[in-house]
Amino acid sequence: MRDAGPSLPRNDPRQYDDLAGEWWRPDGAFAMLHWLARARAALVPPAARPGALLVDLGCGAGLLAPHLAGKGYRHVGVDLTRSALAQAVAHGMTAVNGDATAVPLADRCADVVAAGELLEHVPNWRAAVAEACRLLRPGGLLVLDTLNDTALCRLVAVHIAERLPTVPRGIHDPRLFVDDRELVAECARHGVDLRVRGIRPGVPGLLRWLVRQVRGGATPVDRAPHIVPARSTALLYQGRGVRGG
């Protein structure tokens, strides 16, 4: 598996082209993104009207798509990386090549906006939040997850996690991590009442997964770790909010 190494700065988008073959490998570099996509999709109710639109910001290769099947949404994904979008299209999504801070879609077009593991990769996360809120219809739902701007998160997500065999080196820039209180306040500025909670992989499932990694075994899809609530938002947290009228 390739990583940023000395040739690319942290959080460089070109890493995703180098890692294009990893997206749909359940035990690959993006394994945890699969677990988070399932947990994010669980926050999305079935569509309330025909033709309801879900806009997936920073969609990558479309990992959210299988978990939304049957919920009745038109699923549009927005991402900078064309190699990832090509895979998203293969999984039934409509792809838009664009920046999450300047999305080429109309105001109030979306019933749901998802922003999973995006904000900690955006140099201006406030602009991405403004765009997510702009896209929402009144009563529309925002769902997201991201990394908190804490010393503990920087230790775990960068200094410890990047020592694990499957985690790409340099995939995160800890200077971009997002304080949960600031995020709640920014969403409120744009009319979205965001509620956040800490989340984490379940310990038994995570330990079994790590053992399989060490032994070189594959993890069956139905045995992948589940994301569960955590007492603290200090590491990883999930948000769900509704835009007011």
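## Exercises on a predicted model

Leaving out neighbours within four places in sequence, Asp179 is in contact (heavy atoms within 4.5 Å) with Asn148, Asp149 and Tyr237. Before you start: this is a predicted model, where local features need pLDDT of at least 70, side-chain atom pairs count only at pLDDT 80 or more, and totals for chains, interfaces and linings use all residues. Residues are numbered from 1 along each chain as its sequence is written, and side-chain values use heavy atoms, with hydrogens and water left out.

**Exercise 1. Find where Asp179 sits, and work out whether Asp179 is buried or exposed.**

Step 1. Look in the loop between H6 and H7, which is the place of Asp179. Helices (H or I, at least four residues) and strands (E, at least two) are DSSP runs, numbered from the N terminus.

Step 2. Check the cover. Buried means under 20% relative accessible area, exposed over 50%, and partly exposed in between, using a 1.4 Å probe and protein chains only. Asp179 has 11% relative accessibility, so Asp179 counts as buried.

Step 3. Look at the side chain. One of its polar atoms lies 2.9 Å from the backbone nitrogen of Arg181.

**Exercise 2. Now turn to Asn148: which residues does Asn148 touch, not counting those up to four places away in sequence?**

Step 1. Go to the loop between S5 and H6, where Asn148 is found. Its relative accessible area is 2%, so Asn148 is buried.

Step 2. Collect the neighbours. With residues up to four places away in sequence left out, Asn148 touches Cys153, Phe177, Val178, Asp179, Asp180, Thr233, Ala234, Leu235 and Tyr237.

Step 3. Pick out Asp180 from that list. The side chains of Asn148 and Asp180 are joined by a polar contact of 3.2 Å. Such a contact is a pair of N or O atoms within 3.5 Å; within protein, one must be able to donate a hydrogen and the other to accept it, and residues adjacent in sequence count only if both atoms are side-chain atoms.

**Exercise 3. Which residue forms a salt bridge with Asp145, and which parts does the pair tie together?**

Step 1. Name the partner. Asp145 pairs with Arg40, and their closest N and O atoms are 2.7 Å apart.

Step 2. Check the surroundings. Asp145 and Arg40 are both buried. As for H2, eight of its eleven residues are buried, so the helix is largely enclosed by the rest of the structure. Among the buried ones are His34, Trp35 and Leu36.

**Exercise 4. Trace the network of salt bridges that includes Arg126.**

Step 1. Start at Arg126, which forms a salt bridge with Glu182, with 2.9 Å between the closest N and O atoms. Arg126 lies in helix H5 (residues 125-135) and Glu182 in helix H7 (residues 180-189), so this pair ties together parts 56 residues apart in sequence.

Step 2. Move along H7. Arg189 and Glu186 meet through their side chains in a salt bridge (2.6 Å, N to O). These two residues both lie in H7, three residues apart, about one turn of the helix. An α-helix has 3.6 residues a turn, so residues three or four places apart point the same way.

Step 3. Sort the members by cover. Arg126, at 34% relative accessible area, is partly exposed, and Glu182 at 38% is partly exposed too. Glu186 counts as buried at 6%, whereas Arg189 is exposed at 61%.

**Exercise 5. Which strands pair with S6, and in what sense?**

Step 1. Apply the rule that two strands pair if DSSP finds at least two bridges between them.

Step 2. Take S8. Strand S6 (residues 192-201) pairs with strand S8 (residues 236-243) in the antiparallel sense over eight bridges. Here Arg197 stands opposite Gln238.

Step 3. Take S7. S6 pairs with strand S7 (residues 227-230) over four bridges, again in the antiparallel sense. Gly198 stands opposite Ala230 in S7.

Definitions and conventions
A salt bridge is a side-chain nitrogen of Lys or Arg within 4 Å of a carboxyl oxygen of Asp or Glu.
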